[in-house]
Amino acid sequence: AAAAVKPSAFFLSVRFVPEQNNEENLRRIFPQGLKSYLRAATSNTFIAEIDAASCDSEWSAILQASAKADALDLSAEIEPARSRGCDVVFYPEGAKAVGKDAGWLEMWPPIKNKAGLTTGWHLGDDYSQLASARDRVWARLNDGQVQPVRIAHIDTGYDRYHPAFRQLSHVQHDLARSFLLYEQIPGRTGALDVYYGDGEIQGHGLGTLAQLAGGRVLKEHTQGDFEGIIGYVPFAHVIPMRISETVVIMDATNFCAAVEYAIEQKCEVITMSMAGKPSGNMAKVINKAYEHGITIVTAAGNSWTEGIRCITPKTVLYPARFPRVIAACGVCQNQKPYDFEAQELYAEKGDSGIEVMQGNWGPAQAMGYALAAYTPNLPWADGEKDMKGHYLHIFKKGGGGTSSATPQIAAAAALWIMEHRAELDQKGYSGTWKQVEAVRQALFGSADKTTFGDWKKYYGNGILKALRALDTPCPNISDSMKAPESESTWWGLSELADLLLQRRRSGMNMKNMRTALAMELQHVLFSDPNLFKLAESLDFSKSFDAHVREELEAALRHSPYASEELKMLL
């Protein structure tokens with residue numbers, strides 16, 4: 001139903017090589033349909049507004065413009081972008097970030113199995129070990145033996161006045177930024193979250209930031225059962241960045257601008273509890289951050305077991321799927337995967353969607369750089385207020401999703417860097433990709449691989465053990481250990497794109513068209529629920545045999561998510 005409602009305009013990100021980066025070339029590749037354009041936060045990227053009446057879909061507009069660029073011998077990377085979100089609606093009853101109320105999610109441990117634990121259970125030495133690791137590094141920081149790291153927190157924004165940040169937290173409010181184009185105006189440079197209309201995730205950035213860097217909280221803040229330091233690394237210098245109103249990355253342009261800002265601000269860790277579809281620009285900026293020594297941790301993504309929200313893949317999403325990123329997967333308190341089938345239970349499910357949410361994992365080739373951390377039923381800072389502006393709950397108990405796993409891994413990375421700074425400097429790794437690999441080797445090598453037999457399938461490299469990681473010395477990193485470059489398309493789909501173009505456009509220069517077509521093929525596979533099973537069965541790192549290719553082409557021909565331009569080529 002949502003796909004049937006056609007917007008009045010499509011927004012596209014257009015990136016030329018520097019020597020071709022001018023407005024004249026933008027108009028040349030869109031001879032009709034170009035309504036307006038502006039420059040994004042990255043100077044060599046345009047956001048073009050295309051009249052939806054000029055083509056059937058944004059991907060048809062992209063393919064047509066890419067073909068025009070090829071004919072003009074221009075180099076233009078064109079991708080979907082969403083430069084404007086929905087209208088702001090302020091709800092007096094407040095946010096709805098973590099389900100219906102402030103209680104536990106009863107269908108998951110530690111409630112389902114009656115473990116008898118309280119808020120903050122995941123911090124203990126039987127679980128993430130983050131409390132012990134945090135306190136050890138904090139003591140060394142207070143003694144002047146180590147220096148804090150700077151972390152970029154990329155999400156939906158935050159509430160800077162929330163009680164989670166009143167004591168002992170070092171969130172750098174003055175450096176907070178929003179990268180939504182319509183918020184980049186004088187006087188509004190911070191990453192403050194606001195409440196949006198139906199379908200939006202409200203307060204998500206507040207929840208993940210408090211987990212990462214929250215300070216001291218009182219029992220009255222946590223419904224009476226936790227008092228102390230709520231965050232994993234409250235002494236880190238954390239910069240909140242707002243790139244979207246939702247946890248789904250709708251506009252890679254904003255993500256790229258935030259990562260560029262993180263590089264500029266000399267951040268050493270990026271944490272992002274968001275996921276979406278692949279992008280060429282996204283891949284490039286991740287490669288750049290990797291070369292600058294920035295460890296990137298992002299959520300593997302979530303899926304739903306019933307209802308309309310089943311229209312999400314169950315496999316790892318982007319950018320977590322890139323080999324230079326740590327994908328954060330989920331493990332429950334009982335050490336089993338954050339997955340209903342793996343838990344061998346299907347509790348009575350409500351109709352709100354949150355009750356049937358589970359974590360993404362797989363396929364096997366995507367798990368080589370994955371790590372699991374604990375979720376759900378974690379403390380979740382809440383910005384919901386009453387009509388007088390008073391916080392209603394301050395913290396809820398049912399924080400979940402791979403969103404809650406991500407800050408744990410990012411914090412462990414930051415703690416390890418602080419603990420082993422002298423070794424990183426001595427080996428010459430600081431500020432280079434070898435620092436990223438040293439962090440990953442330490443976290444992966446120290447992860448638990450004993451408490452669940454099928455750990456590699458669901459967890460990739462095991463379950464996070466932050467204190468054990470601290471005890472891991474800085475490993476020797478050889479040149480051969482450099483991760484493969486992040487690429488926005490897969491080999492099998494690139495070959496299919498070549499084949500389709502050769503059938504129709506033999507002899508033409510088709511570099512831009514090939515890239516755009518391969519990207520659309522991947523987007524369709526990540527968008528059409530009828531293709532999820534087929535996509536999971538394919539090995540995209542290899543060439544497809546004739547039978548597989550025919551099956552894929554037939555499925556694409558019937559997909560409502562494929563553009564008319566793609567179907568013409570098919």
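Two strands are taken to pair if DSSP finds at least two bridges between them, and with that rule in hand the sheet of this predicted model can be described.

**The sheet and the helix across it**

The model holds an open sheet of four strands, which follow one another in the order 2-3-1-4 and pair in an antiparallel manner. At its edges lie strand 2, residues 34-39, and strand 4, residues 76-80, each of which pairs on one side only. Between neighbouring strands of this sheet the average turn is 25°, with direction ignored. In general, the strands of a sheet pair through backbone hydrogen bonds, and the pairing may be parallel or antiparallel. Here strand 1, residues 9-16, runs antiparallel to strand 3, residues 45-51, and the two are joined by seven bridges. Within this part of the sheet, Ser 13 has Ile 47 of strand 3 standing opposite. Helix 2, residues 58-71, lies across strand 1, strand 3 and strand 4, and its direction makes an angle of about 175° with that of strand 4.

**A pair of helices**

Two packed helices are described by the angle between their axes together with the distance between those axes. For helix 3, residues 130-142, and helix 8, residues 401-419, the axes come within 10 Å and cross at roughly 35°, and the crossing is left-handed. On the side of helix 3 the contact involves Leu 130, Ala 133, Arg 134, Arg 136, Val 137, Arg 140 and Leu 141, which meet Gln 408, Ala 411, Ala 412, Leu 415, Met 418 and Glu 419 in helix 8. By class, this contact is made up of eight nonpolar, one polar and four charged residues.

**Cavities**

| Lining of the largest cavity | nine residues | one residue | two residues |

Conventions: Residues are numbered from 1 along each chain as its sequence is written. This is a predicted model: local features need pLDDT of at least 70, side-chain atom pairs count only at pLDDT 80 or more; totals for chains, interfaces and linings use all residues. Side-chain values use heavy atoms; hydrogens and water are left out. Axes are lines fitted to C-alpha atoms, for helices over the stretch in contact, and angles run from 0 to 180 degrees between N-to-C directions. A crossing is left-handed if the near helix is turned anticlockwise from the far one by less than a right angle, and right-handed if clockwise. Contact means heavy atoms within 4.5 Å. Ala, Val, Leu, Ile, Met, Phe, Trp, Tyr, Cys and Pro count as nonpolar, Asp, Glu, Lys and Arg as charged, and the others, Gly among them, as polar.
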